[in-house]
2 protein chains.
Amino acid sequence: MTVAPSKKARLSVADRRALLEDAACACMARGGIREFTVDKIVAEAGVSRGLITHHFGSMDMLLVAVYSRMYREWIAAISAPHHGRTRLESLVDVLVSPALFSREVLNIWLTLWGEIANNPVLRAEHRARYREYRDTIAAALREAVPPGSSIDVDTVASAFICLVDGLGVQRCVEPDLLPEATARAACWALLSPHLASEVRPVG
Amino acid sequence: MTVAPSKKARLSVADRRALLEDAACACMARGGIREFTVDKIVAEAGVSRGLITHHFGSMDMLLVAVYSRMYREWIAAISAPHHGRTRLESLVDVLVSPALFSREVLNIWLTLWGEIANNPVLRAEHRARYREYRDTIAAALREAVPPGSSIDVDTVASAFICLVDGLGVQRCVEPDLLPEATARAACWALLSPHLASEVRPVG
DNA sequence: CGTGATACTATACGTCCGTTCAGTAAGAGA
DNA sequence: TCTCTTACTGAACGGACGTATAGTATCACG
């Protein structure tokens, strides 16, 4: 369970913060916001109770750090190099891959969304990150639309993000009802009508 | 704020339960799961602390009651009579109407999803309700697909539900970024390719 | 006009929450 | 080797949590 590399080792601020964020994510993945508590997180990280305040100031600030970290990793994952396929194809594949489309990861997102909706600090963080996310998808989309097309890639990207979010909800709540292939098909059902025919994968 | 129709009136079990469920929904709509507490709910309802245990046994059971109620009302709303339009058209309209597509209602759903993902009792309740929900949409869809079409309406209904869920997340987290018209357009973008051309509304 | 059933109140209880803070010890620089 | 900074510990705090329960008051029924 608990990773205890050495008994009394002092870590750099960055390393210790990362370790606490990891532990916080593990707790959230396990039981949502109810597991996001000081006691659970420090037990997971194998440190003392005072350390969260020392490094983050408050639980709210740790929550923001976790959110920021999740978004950063998510965008990095969908921006990963694509081997001999279109950017959009590899992007969709990554989104429905076990790395992102797992109950654990999605439970963290679902939990964070519930907090964003009710936490002004988190919402401010969200605003900036969402823009970056949408732009990444819009860029991939722009490469795949037929030349001279009049569609607004930002709008399509927004709708696509909504679908991906909804697929995530479904997958998190009832994983067996939504296999990876079905999710991928749903993605292309939304995207294909806007694309040049040669870039549409088989349905 | 608090609805206090009479000072010491004794209500029927059904009425009092409904009143407590209303109060619980109001709290959830206001601040998610963090407002779903005994103190907040009884204050909202204007009753004493013991009443939740008396009528529901525990907070967990109240949560299940709230979930059941939300789903019942949601399905009733999308099943409402449609005046001179196809069932599918009026269904989509209701889904993006202020009655359902409001920050308050969606905040309750978002909160409940987070709980379903981590609460076995709620998940069992969800399973039955979701089936009913999907069947309602599949029925409306079946009326709109071209005769002899080979599409699987259940699959399309599932994908559509995911999109609606995702639109709800987006709308709840950042209402201004997703106006009703955009949401409606996203719905039809997913549905239209499967429909007979004469039933597609203008984009 | 009693009288029993029970909707409802109000208090008390133990647990867990996030934060504070005085104290400890590790490790870099001298 | 000494010293100073600070990462880190762990106990203590006040408050909020859900639940249990003894007591009160209301209404149906006789």
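Reader: Which residue of chain B comes closest to the rotation axis?
Author: B:Gly166 does. Its C-alpha lies 1.9 Å from the axis. Keep in mind that this is a predicted model.

Reader: What rotation superposes chain B on chain A?
Author: A rotation of 180°. The shift along the axis is 0.0 Å, and the RMSD is 0.0 Å. The two copies are therefore related as by a two-fold rotation axis.

Reader: Why do the copies meet through the same surface?
Author: Because 97% of the interface residues of chain B are also interface residues in chain A.

Reader: How many residues does each chain put into the contact?
Author: Chain B gives 29 residues, and chain A gives 29 residues.

Reader: Which helices of chain B each supply at least two residues to that side?
Author: Helix 6 (103-116), helix 8 (153-173) and helix 9 (180-191).

Reader: And which helix gives the most there?
Author: Helix 8 of chain B, with 12 residues.

Reader: How do the residues on the chain B side divide into nonpolar, polar and charged?
Author: There are 17 nonpolar, 10 polar and two charged residues on the side of chain B that touches chain A.

Reader: Which one gives the most?
Author: Helix 2 of chain A, with three residues.

Reader: Now chain A by itself. How many helices and strands?
Author: Nine helices and zero strands. Along the sequence the pattern reads α-α-α-α-α-α-α-α-α.

Reader: What box do the C-alpha atoms of chain A fill?
Author: Roughly 60 × 35 × 35 Å, taken along the principal axes.

Reader: How many residues are in chain A, and what percentage is buried?
Author: Chain A has 203 residues, and 38% of them are buried.

Reader: Last one. What percentage of chain A contacts join residues at least 24 apart?
Author: 60%, among contacts between residues at least 6 apart in sequence.

Conventions
Residues numbered from 1 in each chain as written. Chains lettered and ligands numbered in written order. Predicted model: local features only at pLDDT ≥ 70, side-chain atom pairs only at ≥ 80, totals over all residues. Contact = placed C-beta atoms within 7 Å. Helix = DSSP H or I, 4+ residues; strand = E, 2+ residues; numbered from the N terminus. Nonpolar A, V, L, I, M, F, W, Y, C, P; charged D, E, K, R; others polar. Buried ≥ 20, exposed ≤ 12 C-beta atoms within 10 Å, placed from the backbone. Least-squares fit on C-alpha atoms with pLDDT ≥ 70 in both.
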